[in-house]
Structure formats: structure tokens, C-alpha cells
Amino acid sequence: MPDLRRYLPILDWGRRYDRTAFSNDLVAAVIVTIMLIPQSLAYALLAGLPAQAGIYASIAPILLYAIFGTSRALAVGPVAVVSLLTASAVGQVADQGTAGYAVAALTLAFLSGSFLLLLGVFRLGFLANFLSHPVIAGFITASGILIATSQLKHILGIRAGGHTLPEMLGALLAHVGETNAITLVIGVAATGFLFWVRRNLKPRLLKMGLAPLPADILTKAGPVASVVVTTLAVWAFGLVDHGVRVVGEVPQGLPPLTLPSFAPELLGALLVPAILISIIGFVESISVAQTLAARKRQRVDPDQELIGLGAANLGAAFTGGYPVTGGFARSVVNFDAGAETPAAGAFTAVGLLLASLFLTPLVYYLPTATLAATIIVAVLSLVDLSILRRTWAYSRADFAAVAATILLTLLAGVETGVASGVAISVLLHLYKTSRPHVAEVGLVPGTQHFRNVRRHKVETDPTLLTLRVDESLYFVNARFLEDLVQERVTEGCAIRNVVLMFSAVNEVDFSALESLEAVNHRLRDMGVGFHLSEVKGPVMDRLRTSHFLADLNGEVFLSQYDAWRALTGQATRRAAAE
């Protein structure tokens with residue numbers, strides 16, 4: 001059973017499920033369902049899909065994640081950034097509003113799910129670590145700006161396109177004269193109301209003496225209230241006849257069984273976008289899941305999360321949805337509402353299923369301006385321009401990566417932005433590790449500790465050069481260390497022994513081994529001893545498989561203090577004194 005529970009976490013938490021967990025999960029599900037109904041409709045609009053696609057993408061995926069996922073609080077479904085990426089990717093192969101567009105969205109979910117599933121089965125979740133947090137923060141910030149800008153056309157009631165910020169702003173300026181005044185009033189009023197609800201309603205309700213739970217439910221119901229009021233207003237005053245655009249007819253019933261396309265041309269066109277969506281979605285999801293799990297001292301398995309998210313996306317592909325992932329806002333709401341197990345997500349799916357069966361006719365007159373307002377208020381919380389100031393103060397390299405990601409996303413589009421973000425993250429890692437910190441160290445007087453000669457008052461010996469290598473050695477930085485030793489040890493210098501202190505070295509690859517051999521041969525020809533100290537067991541095991549230790553022009557010391565005593569003659573002098 002342990003192996004089966006590894007792939008089916010529901011067998012682990014399900015056997016301990018009780019009435020308390022059931023009641024807590026049910027309350028959390030009610031709150032999240034209230035929040036998800038307008039959000040799902042809005043994010044489908046953002047993805048360029050019919051409104052019902054958002055509901056469908058929030059039913060089967062949630063149920064499948066509850067079976068395969070390990071997070072107790074993660075709420076899976078459509079999210080803003082993935083919806084934007086979907087619109088960008090699918091818009092390149094099909095026109096919005098066509099059957100081909102919907103099929104392409106299904107295919108994108110299928111490819112994304114398959115990729116995530118493969119990563120999980122082969123335990124490759126660590127690959128997501130190559131996307132640095134500053135780059136992710138920069139991409140999400142830029143995406144939030146793009147998403148909010150893309151929704152202004154619905155607030156104004158005009159037609160405007162574009163995939164980059166300049167294109168969107170240009171289209172808005174070109175058509176601003178066509179603004180529908182009634183739509184503008186609805187959009188601005190809904191946006192203002194939602195901002196007020198988010199910031200002020202709960203504190204005001206608590207001040208009035210309402211209990212925290214009802215106050216929280218009423219606050220989360222803010223978007224539903226805006227949907228109800230604006231829908232009734234459009235219906236009652238016949239505003240459709242005055243140019244106010246509405247959602248229109250939404251099919252009533254269960255999510256349909258659908259099939260993605262397996263056409264080689266379409267699969268090839270969507271493969272790279274699917275991989276990028278998978279990486280971005282997984283990084284966002286695992287960050288939220290681990291943050292929430294830490295609060296309750298729970299454990300999240302990144303590789304099993306890949307399987308859970310992969311299953312969720314495959315579920316979306318076969319039930320009329322589009323790519324999904326774990327959402328930050330709804331997961332936090334789920335957690336704060338008291339969700340104890342993934343069953344809360346299953347109950348949420350049931351609530352959305354009931355909405356799909358009975359409530360969809362009621363959204364016919366829902367103005368798209370209200371959905372746009374819902375999106376704008378949700379995504380502006382993603383915009384964090386303070387990341388520029390904080391990275392500038394801490395690391396100029398990270399600042400450059402963040403700034404480049406933001407600019408490329410805004411000016412060249414989300415796909416270019418996320419691809420560049422991945423490339424920048426990898427290049428930044430390679431740059432930092434290609435020039436590892438190597439410190440010359442000396443003995444702290446009266447101790448057996450060695451510290452950087454530039455930072456501490458230490459004892460040194462002109463015949464001994466000790467370099468502490470603060471990075472694993474591999475092909476990218478091997479030449480750097482070789483050049484550094486060559487620069488320090490020249491013909492005629494007083495140095496008779498060189499020690500590389502390996503206390504921070506976790507690995508030496510074959511390229512680095514060849515560089516160490518080159519250093520060894522050069523120092524031997526110069527009559528200079530070459531030694532290692534404080535070599536870790538796994539590194540030593542690897543070195544023993546080569547001829548390096550047999551050919552070493554010196555010794556391997558257990559500690560740097562042993563090397564200091566042996567090579568400076570202190571041990572000999574102490575023995576003579578005794």
C-alpha cells in the first residue's frame with residue numbers, strides 16, 4: 001500500500017477523514033464556489049473562449065487533483081496568467097470564436113497535461129528550479145499589466161486587439177472615440193465596487209459586530225453581487241439594445257466529453273507554448289502549495305504535484321476546458337476558510353457542476369464589462385513593481401533579469417517574455433557559477449579556523465597558498481579556477497605549496513577533473529606541491545575512480561588545520577620543542 005499511496009494520496013488522507021474535516025471542507029467549498037463562479041466565466045473570456053469553458057475547466061480538473069494531488073489547500077482551475085498564455089498561443093493557430101479555436105485550447109491542455117505527467121513520473125520536478133523567483137515575479141507583474149490593459153476594451157465597450165502593450169494601447173487610442181457610455185458606467189462602477197469590497201467591506205462588517213466567518217463569506221461574495229446587480233440592470237432596462245455587450249447564451253448541462261486534436265501540424269505548433277505554460281503553471285502552483293503547507297507543517301511532494309496537475313489538465317482536455325493550474329488567490333481563500341483536505345476541492349467541483357446545470361441561463365444578460373472588472377481587480381494584485389527596487393538594492397544581476405523579463409513581456413508578448421525568462425534564469429545561473437567565489441584563507445590566531453585574508457586578521461605563510469573554493473566545480477567554471485591558480489603561482493614566486501580547500505565543493509565533473517589534472521601537472525613542473533583539504537565523501541569517492549589521486553603532486557588532508565601544520569612546519573617545530 002505505501003507505493004500505491006505515493007501515487008494516490010487520496011488513499012492516505014481519505015482513511016483518516018472524519019466529520020470535523022467534512023464540515024470544515026464543506027464551508028471552505030461554499031466560499032470558494034461563490035468566488036469561482038464569476039472568476040471562471042471571466043478567465044474564459046480572457047482566454048478568448050466561451051464563458052462555459054471556464055466552468056468546465058473548474059470541475060473535472062479539481063476532482064482529478066483531489067485524487068492525485070498532495071496539497072491539502074491548493075485550489076486548481078483557470079488562472080489569469082495561464083488564461084493569457086492560452087489566448088496568446090491558441091490565437092496564433094486559430095481565430096477566436098471558431099470551433100478550431102476551442103479544439104486548439106483542448107489540445108493545449110492535453111499537451112500541457114502530458115508534459116506535466118511525464119515530468120512527475122520521471123521525478124523531474126527539480127527542473128522548475130531553473131526558473132528563478134525574481135524572473136517569475138517579473139513575468140507575473142508584466143502579465144498582470146497586460147491582462148488589465150487587455151480588459152479596458154470591455155470596460156469601454158469597444159473592439160481593440162493586440163498582444164503587446166504598445167499594440168493594445170495603440171488600438172485603444174484608435175477606437176476610444178467609439179466608447180459606449182453605458183458600458184463605461186457599468187465597467188467603472190463594477191471595478192470601483194470590487195476594489196471597495198476587497199479593501200473595506202470585511203473590516204466594516206467586523207466593526208458592525210458580524211462574526212468573522214459570515215463577514216468572510218459576504219466579502220468573497222462581492223463579485224457575485226456585482227454580477228447579479230449589473231445583470232439585472234441590463235435585463236431590466238434593455239441595455240443590450242443600447243450597445244452593451246453581454247455573455248449571451250451559455251449551454252446548460254454537464255461538461256461535454258471532448259477530444260483534443262492529434263493533427264501533427266497543430267501538435268507541433270502548440271508544443272513549445274504547452275511546455276512554457278506547464279512550467280509557469282507548476283512554479284506558481286508549487287509555490288502556493290508549499291507556502292500553505294508550511295503553515296500547518298504539512299508536506300507537499302513536488303513530483304506528485306506534477307502528476308496531480310498533469311491529471312487535472314488532461315481532465316480539462318477531455319471535458320471542454322483549457323489549461324489549468326493552482327491559483328494563488330483562491331488557494332489562500334480555501335486555506336483561510338478552513339479547508340483540511342483536497343475533498344474541499346471536490347465539493348467545490350460539485351457546486352460548480354450544480355451551477356452549470358441550473359444557473360447558466362441566468363448569466364445571459366451578464367455584461368462583459370463586469371467580467372472585465374472582475375479580472376482587472378484580481379490581476380492588479382499580481383503587479384509588484386517593488387521587485388525592481390528590491391533586486392536593485394540586493395543584486396544588480398537579478399535586477400537586470402527582472403527588468404529584461406518585464407520589458408520583453410510587455411513589448412514582445414507573453415510567449416517571448418516567458419521564454420526569455422527561462423533563458424535569462426539559466427544564463428544567470430551559468431554566469432554566477434562560472435565565476436565562483438574563491439577566497440585566499442589564513443589561520444585565525446589561537447584557533448583551528450581559517451577565514452578570508454581580506455576580511456579577517458589571520459596568520460599566513462609566504463610559502464603556502466590556500467584557496468577556499470565556494471562552489472561545485474563543473475565544465476562552466478573549471479577553467480576559471482585553473483586560470484586563477486596560474487595567475488597566483490608564477491615562476492620565481494615564494495609559494496612552495498598550494499592547497500585547495502574543498503569544504504564547499506559538492507561535485508567535481510569530468511571537465512573540472514581535467515582542469516585539476518592540468519593544475520597538478522603544471523605545479524609539479526614548477527616544483528610546487530598541490531594538495532586538497534576537507535574533501536567531502538561523495539567527491540572523494542568520485543576522485544578515487546580516476547587516476548588523479550595516484551598522480552597527485554601532494555596529499556589530501558582531512559582538515560585545513562592538518563594541512564597548515566604539515567606544510568608550514570609547525571608540527572615539526574612543536575615536536576622539536578617538546
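The model is predicted, with local features needing pLDDT of at least 70 and side-chain atom pairs pLDDT 80 or more, while totals for chains, interfaces and linings use all residues. Residues are numbered from 1 along each chain as its sequence is written, and side-chain values use heavy atoms, leaving out hydrogens and water.

Reader: How are helix 6 and helix 14 oriented to each other?
Author: Helices here are DSSP runs of H or I with at least four residues, and strands are runs of E with at least two, numbered from the N terminus. For helix 6 (residues 80-90) and helix 14, the axes come within 10 Å and cross at roughly 175°. Angles over 145 degrees count as roughly antiparallel, under 35 as roughly parallel, 65 to 115 as roughly perpendicular and the rest as oblique, and the two helices are therefore roughly antiparallel.

Reader: Which residues of helix 14 meet helix 6?
Author: Contact means heavy atoms within 4.5 Å. Helix 6 contributes Val-81, Val-82, Leu-85, Thr-86 and Ala-89. Their partners in helix 14 are Leu-270, Pro-273, Ile-277, Ile-280 and Gly-281.

Reader: How is helix 14 oriented to helix 21?
Author: The axes of helix 14 (residues 264-295) and helix 21 (residues 414-434) come within 10 Å and cross at roughly 65°. That makes the pair roughly perpendicular.

Reader: What is the geometry of the ring pair Phe-110 and Phe-262?
Author: Rings of Phe, Tyr and Trp (its six-membered ring) pair if their centres lie within 6.5 Å, with planes under 30 degrees apart stacked, over 60 edge-to-face and the rest tilted. By this rule there are nine aromatic pairs. The centres of Phe-110 and Phe-262 are 5.3 Å apart and the planes are at 90°, so the pair is edge-to-face.

Note on methods:
Axes are lines fitted to C-alpha atoms, for helices over the stretch in contact, and angles run from 0 to 180 degrees between N-to-C directions.
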